[in-house]
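Dear colleague,

I am passing on a structure for you to look at, and my notes on it follow below. Please read them beside the coordinates.

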Amino acid sequence: AASYGPVARGNPVVDSFEAELRRVLSSLRRLRGAGEAKPPQHDLHRHGANTLFNIWIKYKPRLPEWYFNERLVKVGDTLAQIKEYKLALVQCYERYLQQFTSVNLDNVMDDVYYFKSVFFPNGVRDKNAALTLHALEARNVCIYQMVCSRDRNLQNPESLRTCLNLLTSLRLTMQVALPQENLCWLIYNGTIHIYTICRHLMVMGQSAKVLEYLLWASICMESSIPLLSVHYLTWRATLYTAVAQCYFDCQAGIHGEVFARRGLIKIDELKQLEDISSSLKQTETEEIFKEATLKMSVMIFKRAVYESRRKLKSVQRESKVNPRKAVNLSWPRTTTERLLVAMFDGAAAQFLAILEALSDSSRNLLPPHPPVPDETEIRDVTSELFSAGLEILSGNSLKQQKQENIFIITAGEKGVSGDAAVKFVKLAFSYEEWDVFYSALEFVDNFLQAQDDPVWKKAEIELKLLTLMQPILFPGVFERSFSISGDDDSKESSTFQGSEKTQTKGSEKTQTKEESLKPGGPFHDLTILATTVFTCVSTSEQHVHPDKEILVDVVMCLWQKCKTELQQIQMSGSDCLEYIHKHQAYQLVHILWIMNEIIEKSNIADTNVMFAEITLCLAAILENVADS
């Protein structure tokens, strides 16, 4: 206690130190809250960073080492909270860790024994161990956030390597902390950090490289006695689900199902213990166990729904259910629906299982394509899953399961969430399930139109872009009409209509270039799509802009459809204007200009090298026009 005397309340050095820290942090917080920094604010930020540097230099020799180190790390936490990651890393966490070694900190992470000898010379039971472990974890988080800020899609190989190194570092830090029960909070935080980085890498198609780290995080939650309580079960189930999903991404579905079944066993073991002595309210624990069990069951269903059908190849297959005639049949109507009813209680859980079974990390929204495996059984299951999902959205399955009191699509907790319903429509588009796509679109549109929250406007815009792309990608398959609310005063303009339409290949071959530019022709549809996207990205409301992935796909679609004609215009040289007039190609040049504007306004230029080709093509045509 005597050693703490110099930092007692009223100590002038401590008061001055704390006052200066408060001032600089308050200044940095205001700058961060001001949004994007303008040039003068950059100077203020640099001044704040220099001030913080000078505070550390000034007070380090005047304060007890333990107190200075605690404040060093605590200020780093505050800076990280306001997203000043670089400042937190350089001025706080690494400044603290440099007292242990002068070498590059990444070089210490190769061996656990060397790691311990450097950062824990007095052992992990030392009173400063927790602070050091926390600083090590926080350092990794800051580096990850800095990587994301400059390369969100991890396109640079160095970004990927850095993320994998961070995962190794986090695992090493947790390995040291794991035997100490009093450090369980560091283990818990570490699993969160590992999960965050791994989920990001999984989206980028790196599931095979992150599987071992997610497995490690799951085992850590099981190995720390304090983290085995019901309080942490929801998080543990989330980790189990991520591991299973990794296996599915790696085309090892059987391992994903086995791990999910293992998770169910672990959940059941905890439930038996909880039944003996429960510290939480019974209803609360029941909900926790129900949610954890659902997560595991969904991952089991993801494989079982397909494998059970493969095993029944010799049995006569059931006929597909036409979604528009589904109302005449009673639920459950197919083998898939019967499995849903057997495994899940309630439409919301059944719909979640359907989404997970249809989701595939290797499948992008565009271009649409049927299930890859050339197996009739798999295609049948996919169609039955879509049919079941549509039946749930229509409300028919709810009535037959006596759940009339649940809203079908909701923005709240009950029923099928709006996000899930939108995802279902996008999946139907991806699988070329056009009948389901347009039928589900009607239910989802009704939900979107009823929402006051502008956050749903983005979903509405993205669905409109899909309806505009469908006839371009698959001409003659469906006729449709769709309009975003507000584009037309009539309520009828916001409805979806789908009707099958056939077109012979012969008629396509005899179509002339001039005919294609008339209303209803492919270039007419391309112009509508291009102008619609341009309008979407031109609005100042950033939160309603379509996702970049969709914007990239739309521009690529436009380019592929116009590329040949535009390159002919480009090669016409000084006869450019004559060529454009002769072939009525003004519309194509206009589309090209719009494409270029979309690329610029949406900042997607660096996502595909082909976008440079689009810009060069426009520049060449404009030069030819100037010379004509």
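Pro332 sits in the loop that links helix H12 (282-310) to helix H13 (335-343), where helices (H or I, at least four residues) and strands (E, at least two) are DSSP runs numbered from the N terminus. The peptide bond joining Trp331 and Pro332 is cis, with omega at about -5°. Please bear in mind that this is a predicted model, in which local features need pLDDT of at least 70 and side-chain atom pairs count only at pLDDT 80 or more, while totals for chains, interfaces and linings use all residues. Residues are numbered from 1 along each chain as its sequence is written, and side-chain values use heavy atoms, with hydrogens and water left out.

The axes of H12 and H13 come within 11 Å and cross at roughly 150°, the axes being lines fitted to C-alpha atoms, for helices over the stretch in contact, with angles that run from 0 to 180 degrees between N-to-C directions. H12 is therefore roughly antiparallel to H13, on a scale where angles under 35 degrees count as roughly parallel, over 145 as roughly antiparallel, 65 to 115 as roughly perpendicular and the rest as oblique. The contact (heavy atoms within 4.5 Å) is made by Ser297, Ile300, Phe301, Ala304, Val305, Ser308 and Arg309 of H12 and by Thr335, Thr336, Leu339, Leu340 and Met343 of H13. By class, the residues of this contact are 7 nonpolar, 4 polar and 1 charged, with Ala, Val, Leu, Ile, Met, Phe, Trp, Tyr, Cys and Pro counted as nonpolar, Asp, Glu, Lys and Arg as charged, and the others, Gly among them, as polar.

Leu154, in the loop between helix H6 (129-150) and helix H7 (157-177), has a positive phi near 50° although it is not glycine, and at 10% relative accessibility Leu154 counts as buried (under 20% relative accessible area, with exposed over 50% and partly exposed in between, for a 1.4 Å probe and protein chains only). Gln251, in the loop between helix H10 (233-249) and helix H11 (253-276), likewise has a positive phi, near 60°, but at 62% relative accessibility Gln251 counts as exposed. Cys148 belongs to helix H6 and is buried at 6% relative accessibility; its C-alpha atom is separated by 8.4 Å from that of Ser159, 11 residues apart along the chain.

As for the chain in general, it has 26 helices and 4 strands, and buried residues make up 50% of its 628 residues. The average pLDDT (the predictor's confidence in each residue, from 0 to 100) is 82, and 83% of the residues score at least 70. Over residues 481-520, however, pLDDT stays under 50, and the model has 75 contacts beyond four places in sequence for that stretch.
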